[in-house]
Amino acid sequence: MTEQRLMGRLFTPRALITALLLVLLAALPLIAQAMGDRYILSVGTRIVIWAIAAVSLNMILGYGGLVSFGHAAFIGIGGYAVGILSANEISSGWIQWPVALFAATLWAALVAALSLRTRGVYFIMITLAFAQLVYYLGSGLEAYGGDDGLNISRSRFAGLIDLRDKAAFHWLCFALLCATLWFCGRFAHSPFGHVLRGAKSNESRMAALGFPVFRYRLVACLIAGAFGGLSGILLANEGAYISPAMMSWVKSGDLIVMVVLGGIGVRFGPLYGALAFFVLEESLKPGLDLLHKGWGEYWQLVFGPLLVIIALYAKGGIAALLGFRHE
Amino acid sequence: MSELLATDRLVKRFGGLLATDNVSIDVQHGEIHALIGPNGAGKTTLVSQLTGGLAPDAGTIRFLGRDITRLPTHARVRLGLARSFQITSVLRDFSALENVALAQQAHRGHSFRFLADVRRDTNRTEAARRGLAAVGLDARASTRASALSHGEQRQLEIAMALGGEPRLLLLDEPMAGMGPEESQRMVALLRGLKQRCGMLLIEHDMEAVFALADRITVLVYGRAIFTGTPDEIRRHPEVRQAYLGEES
């Protein structure tokens, strides 16, 4: 590649916007400090964490065409693994995090092994049913707060990083988001990623070519489950709190919205989606309250139609508007 | 000649319908064996059993001397049994080149590699380019498969089927929907590939069948009523009545 072409690729509007976005997210702790606004940092950290979850969903939804309506279960399992260990005086992150990742991956294996035998709407329903199972299990765990959830202490990485430090925690989440995005980019153009995308395009053809499609999809689900679990670990640590709400079907739906809104099957799509989702939520609420006291509660009445408009008229989501092509 | 594929009294029932009725056919190395018969004769049902899409109720399928009756599709493909589809089946969202590259990738062991970049793999690209050239599609390498003409898509299918260096190619109506010119090009293409792999050809275009086939089997109501050379088929009274008479 000549230098000129490389420069041409780096300085497209979309690359600049993406870079600006990442710089903004990285600098958020400093911005929040300068503004004396701690809330904005907390929102920013949650955006980063949900973006990791949305990127992980995009790996199977965007590249695999597998519409999982139970992705929040991985977040819940990751979070609850941390919370339950923490409540039992096992506070070391070196133990909590691997256990949580393992649990989420194991759950992914179980769900995928069964749900991947179905197609279309049945796949959606089965993944939803499995996620609801975990949700009600969480609600029933009275020892760990039941419906009300549970305050936990944050994971400890003695001497390395203090997760109670909001800025340090944000940077950790940001670094993990970058790692997730990096992996997703490599994954999309790897031999594995091409098989997965080929199966999305034409499953029977891929089988006829000699690819055991089921195995490839299963492994993709394991990977997505692990990254989903990671976001759950981070979410539990962000608020020092776990509750069944983090894995309700509404959250699974939100994740699909983030992916579709941002741009399905595009690496940075879910990041745009997560950002737009939270920015809209955070601005519609006070915006509507300003119009009329109490209207803020009904922000979804505006958000819903907005999504319909985007689904109808902006195919490919925000990424398409920025000129990203479906990879 | 050596035997590539042989079925032994294959049976498939759909409820009360006997779709495959004790069919025993074989394909030899270097041979094009055509399967003809009226619509509903059970040609596609037979092919589906050969590829592993349908499980037979009785009988066996041997490929390269090995019993493959119960092997799943992908395992059969690995052994060298490739197919093209009756309805054009390519990866529409991928370039012609990538279609062939994936077909070849299927035979290079597993693809559980998550970090390698296929775009920088020049060996992969070159091999795919050669595969496209073999069917005369090299000029269309970067065109999306969905943007290719019907005839070109059928050519691409052949290139994909050849991607795994198959020993036997199952061709399910490769001329379907083609104009006379495209048909002729396909006939020439298939004839040129004969020494690379044996073929089981299902085709309605009689001109193409008689131009290509070394042997022809006539399938009627699930039964193989006759197998012979094109000349024998032309002369056979039962075949004329059952099939050729109906067509003309």
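Biologist: How many residues of chain B are in contact with chain A?
Modeller: In this predicted model, 28 residues of chain B are in contact with 20 residues of chain A.

Biologist: Which helices of chain B supply at least two residues of that side?
Modeller: Helix H2 (73-79) and helix H3 (96-105) of chain B each do. The largest share comes from H2(B), with 4 residues.

Biologist: And what is that side of chain B like by class?
Modeller: The side of chain B that touches chain A has 13 nonpolar, 8 polar and 7 charged residues.

Biologist: Changing topic, the sheet in chain B. What is the strand order?
Modeller: The order is S7-S8-S9-S4-S10-S11 in chain B, an open sheet of 6 strands with mixed pairing. From one strand to the next, the twist averages 20 degrees.

Biologist: Which strands stand at the edges?
Modeller: Strand S7 (81-84) and strand S11 (223-228) of chain B. Each has a single partner strand, so one side of each is left without a neighbour in the sheet.

Biologist: How many bridges join S10(B) to S11(B)?
Modeller: There are 5 bridges between strand S10 (residues 215-220) of chain B and S11(B), and the two run antiparallel. As for a particular pair, B:Val220 has B:Arg223 in S11(B) as its bridge partner.

Note on methods:
Residues numbered from 1 in each chain as written. Chains lettered and ligands numbered in written order. Predicted model: local features only at pLDDT ≥ 70, side-chain atom pairs only at ≥ 80, totals over all residues. Contact = placed C-beta atoms within 7 Å. Nonpolar A, V, L, I, M, F, W, Y, C, P; charged D, E, K, R; others polar. Pairing = 2+ DSSP bridges. Axes fitted to C-alpha atoms, helices over the stretch in contact; angles between N-to-C directions.
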